[in-house]
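This report describes how one chain is built, how another is packed, and how the two meet. The sequence and the structure come first.

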Amino acid sequence: MKHLLAALALSTALTSLPALAEARPVTFTTQMRSYGGDGAYLAFYVTDAQGAYVGSLWMAGGKAKYYKHLSGWQAATGGDRTQVDGITGASVGSGRELKITLDLQDALFDAGYVLHVDAAVEDMRDSPNEIVLPLTSDAVGAPVTGRGYIDTLTVSF
Amino acid sequence: MKSALSLLALTAALGLSVAGALTAAPITGPGPASPQAADPVPSTTTPLQLADNDHDDGWFFARKGARHDRHAHDDDEEDEDDDDYSARGCAAGQPACALNLNPAPAGTATPPANGLFAPGAKPAVQVN
């Protein structure tokens, strides 16, 4: 009986592991508008179906003192910069294109998760929730228009 | 008439007391104290100077100059000062300081274990 239980536990673990580890590279291509200001700070983060913060995907802009202007991200994280340790790069200039490729869990798609992008530019208006994009298979490959500094955001596999 | 007399008497009294005080405690200039004078202050103490004609290295001017220099430095390196806040002004472990630290750039640390990234994932970024 003991051996049977152990074998059952082992087989359960082996079959569930691939599901946990399944991931794929996902590319987020962000085309900025020519807004004529300094480099934009962009926060990419994910909320669940209930709107609760799950985690951050990318932070464009390395100075934490400006993160308060990314007000959606700030409210969700309390400004905790450890949320973006290892996933932070430079701010994105006016008219430039930012392409980020991340190995993300498959479970992120078609499970009610929503991608948010906040944007902020020095001496210009903050733009929280510049992009709000439900992470579904349908969203892949279709450019989404931003409402301020971002012209389009495209998610692709 | 009475009031004029009393005013005169008051003036005379005041004048006498001031003159008396001056003669009782003669002011000596800087230099060695006279041996017969009782001096409670140790001789190593710098004599009091009521005015300083040396405008080049006085406290006020030195301080003013230093302040000016410091401001010029701040103007030149405003951003660097702000960025170094955590390194110069915060003790480790203070929550307020943690909020002012800059995050680790991509490639220098692993992405956060927030369940979104595949284990060991390394982000790739390109700006065109």
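Chain B has five helices and one strand, and along its sequence these elements follow the pattern α-α-α-α-α-β. The model is a predicted one. Of the 128 residues of chain B, 11% count as buried.

**The contact between the chains**

In this predicted model, 31 residues of chain B are in contact with 35 residues of chain A. The area buried between chain B and chain A is about 2600 Å², and carbon and sulfur atoms give 55% of that area. On the side of chain B, the residues that lose the most area to chain A are B:P103, B:L116 and B:N128, which together account for 24% of what that side buries.

Turning to specific interactions, the count of salt bridges between chain B and chain A is zero, whereas 12 residue pairs, with both residues at pLDDT 80 or more, are in polar contact. The elements of chain B that each supply at least two residues of the side touching chain A are α3 (78-83), α5 (95-100) and β1 (124-127). Among the contributions to this side, the largest share, four residues, comes from β1(B). The residues of the side of chain B that touches chain A divide by class as follows.

| Class | Residues of chain B touching chain A |
|---|---|
| Nonpolar | 19 residues |
| Polar | eight residues |

In soluble globular proteins, nonpolar side chains tend to be buried together. The largest nonpolar core of the model holds 45 residues, of which A:F28, A:L42, A:F44, A:L57 and A:L115 touch the most other members. Within chain A, at least two residues of this core are supplied by each of β1, β2 (41-47), β3 (53-60), β5 (97-105), β6 (114-120), β7 (127-134) and β9 (150-156), and the largest share, six residues, comes from β2(A).

The surroundings of A:L115 can be followed through its contacts: leaving aside its neighbours within four places in sequence, A:L115 is in contact with A:F28, A:F44, A:Y45, A:L57, A:I131, A:V132, A:L133, A:L135 and A:L153.

A:T29 is found in strand β1 of chain A, which spans residues 23-32. Is A:T29 buried or exposed? A:T29 counts as buried because its relative accessibility is 16%, and the cut-off for a buried residue is under 20%. Apart from neighbours within four places in sequence, A:T29 is in contact with A:E97, A:L98 and A:K99, and also with A:T152, A:L153 and A:T154.

Conventions
Residues are numbered from 1 along each chain as its sequence is written. Chains are lettered from A and ligands numbered from 1 in the order in which they are written. This is a predicted model: local features need pLDDT of at least 70, side-chain atom pairs count only at pLDDT 80 or more; totals for chains, interfaces and linings use all residues. Side-chain values use heavy atoms; hydrogens and water are left out. Buried means under 20% relative accessible area, exposed over 50%, partly exposed in between (1.4 Å probe, protein chains only). Contact means heavy atoms within 4.5 Å. A nonpolar core is a set of buried Ala, Val, Leu, Ile, Met, Phe, Trp, Tyr and Cys residues joined through side-chain atoms within 4.5 Å. Buried area is the accessible area (1.4 Å probe) that two parts lose on being put together, summed over both. A salt bridge is a side-chain nitrogen of Lys or Arg within 4 Å of a carboxyl oxygen of Asp or Glu. A polar contact is a pair of N or O atoms within 3.5 Å; within protein, one must be able to donate a hydrogen and the other to accept it, and residues adjacent in sequence count only if both atoms are side-chain atoms. Ala, Val, Leu, Ile, Met, Phe, Trp, Tyr, Cys and Pro count as nonpolar, Asp, Glu, Lys and Arg as charged, and the others, Gly among them, as polar.
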